[in-house]
Amino acid sequence: MRLFQNSALYPSYLTRLNQLAANTQTFAERRRVFLHDRFGASHFLQPVLDRSPEAFFTNGDDEVLQRRWAREQGMGGEPTLEAILLAQIEHHATEVFYNLDPVRYPSAFVAKLPGCVKKALCWRAAPSGNADFTAYAAVLGNAPSILDIWRRRGCRVESFFPAHDPVMDEYGRGERPVDVAFAGGYSRHHRTRARTLEQVAQLADSRNIVFCLDASRLTRLAESTIGQLLPLRRHRRPDAIAAIARPPVFGRALYELIGSAKIVLNGAIDMAGTDRGNMRCFEAMGCGALLVSDAGEYPDGMQEGVTIETYDTPERAVEVISRTLQDWPGSAEIAALGRARIRDIYRKDVQWKQFGDLVGRV
């Protein structure tokens with residue numbers, strides 16, 4: 001199977017990538033730096049991570065990366081990112097196109113794919129407005145309620161899961177000085193998560209709590225000295241959160257944070273309904289931390305009181321965290337079992353076989 005996997009960069013991650021890849025000159029060098037940093041690696045299929053000659057990977061929204069490829073291949077003028085991606089697919093003689101960025105490249109893009117492409121599939125685990133994915137052979141995801149949305153819109157849908165990144169095994173083998181870590185977005189629009197973070201942040205007086213938060217431009221301005229004088233109060237984070245907030249972390253830096261934490265706090269965003277099992281769950285358990293997350297419907301291997309701990313209200317989150325830290329030897333055993341389960345159930349070779357089976361039936 002000649003596989004082409006397209007992904008995308010999280011806007012806040014681009015600064016880190018540009019720093020890591022500052023000394024690179026070629027498409028291959030920048031892509032190698034990105035893949036080594038493991039950002040999003042749970043979604044990348046085994047042939048991509050194994051550098052198989054039959055697999056091609058790119059981030060179709062990385063303008064630096066894509067324009068390097070275009071120059072190296074002699075594309076004239078200033079082609080659009082879409083034109084470059086189409087040229088890459090044709091140059092690779094792709095048979096199966098797997099797209100992790102379908103909102104940017106929806107059905108209209110699929111209609112332009114070269115004839116060598118036999119099947120196009122995409123991953124989407126979030127509502128996406130009026131985006132049209134009906135031209136894809138299937139929309140993949142691990143959230144049943146989200147898949148139901150796409151099914152009702154006329155798409156074929158298939159259940160598919162992230163996989164354990166083997167590099168995670170390198171992290172979290174020593175002391176864990178951080179009591180509770182959270183990494184992710186903070187938004188007043190995600191009310192339950194925001195309340196949970198505010199409650200847990202109040203433990204910072206007696207516990208080592210680390211929140212690495214992706215703050216908006218308005219939030220950064222609102223919390224600055226000048227911003228305190230402006231009518232931006234609704235964009236400021238609660239004092240308990242702002243006092244301990246650190247910049248966001250990604251890739252191997254995220255693995256390092258999780259590997260140094262006893263507990264990783266997780267909270268689904270409001271649109272998730274009762275579905276659970278977002279990427280942070282796989283990353284937390286894969287790096288050996290105890291996942292403390294909100295109650296809901298979890299995938300195989302994530303079982304309350306056995307491999308993870310859950311809470312049903314923001315206030316309960318504090319109680320669960322305090323209890324698990326007080327009995328850390330017992331809680332560490334739960335975390336270790338969780339790590340083993342994730343590593344066993346969601347192996348990369350299993351993910352790749354499931355993808356191949358899926359391609360065969362759509």
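Guide: Helices (H or I, at least four residues) and strands (E, at least two) are taken here as DSSP runs, numbered from the N terminus. This is a predicted model, in which local features need pLDDT of at least 70 and side-chain atom pairs count only at pLDDT 80 or more, while totals for chains, interfaces and linings use all residues. Residues are numbered from 1 along each chain as its sequence is written, and side-chain values use heavy atoms, with hydrogens and water left out.

The residue to begin with is R176, found in the loop that runs between β6 (157-159) and β7 (178-185). R176 is buried and yet has no salt bridge, since E175, the nearest side chain of opposite charge, is 8.7 Å away. Buried stands for under 20% relative accessible area, exposed for over 50%, and partly exposed for what lies in between, with a 1.4 Å probe and protein chains only. A salt bridge is a side-chain nitrogen of Lys or Arg within 4 Å of a carboxyl oxygen of Asp or Glu; for charge, Lys and Arg count as positive and Asp and Glu as negative, with His and the chain ends not counted.

What R176 does have is a polar atom of its side chain 2.8 Å from the backbone oxygen of C287. Taking contact as heavy atoms within 4.5 Å, and not counting residues up to four places away in sequence, R176 touches I258, G259, S260, A261, K262, C287, G288, A289 and R339.

One of these neighbours of R176, K262, does take part in a salt bridge, with D179 as its partner and the closest N and O atoms 3.4 Å apart. That pair links distant parts of the chain, because D179 belongs to strand β7 and K262 to strand β10 (residues 261-265), 83 residues apart. D179 is buried, with a relative accessible area of 10%, and K262 likewise counts as buried, at 17%. Elsewhere, salt bridges that share partners join D61, D101 and R104 into one network.

The loop that holds R176 also contains E170, whose side chain meets that of R252 in a salt bridge (3.6 Å, N to O). This pair, too, links distant parts of the chain, with E170 in the loop between β6 and β7 and R252 in helix α11 (residues 251-259), 82 residues apart. E170 counts as exposed at 53% relative accessibility, whereas R252 is buried at 15%.

Strand β6, at one end of the R176 loop, brings in a further pair, for the side chains of R361 and E158 meet in a salt bridge at 3.0 Å, N to O. R361 lies in helix α15 (residues 348-361) and E158 in strand β6, so the pair ties together parts that are 203 residues apart in sequence. R361 is partly exposed, with a relative accessible area of 43%, while E158, at 11%, counts as buried. By the rule given above, the count comes to 22 salt bridges. In general, side chains of opposite charge can pair when their charged atoms come close.

Key:
A polar contact is a pair of N or O atoms within 3.5 Å; within protein, one must be able to donate a hydrogen and the other to accept it, and residues adjacent in sequence count only if both atoms are side-chain atoms.
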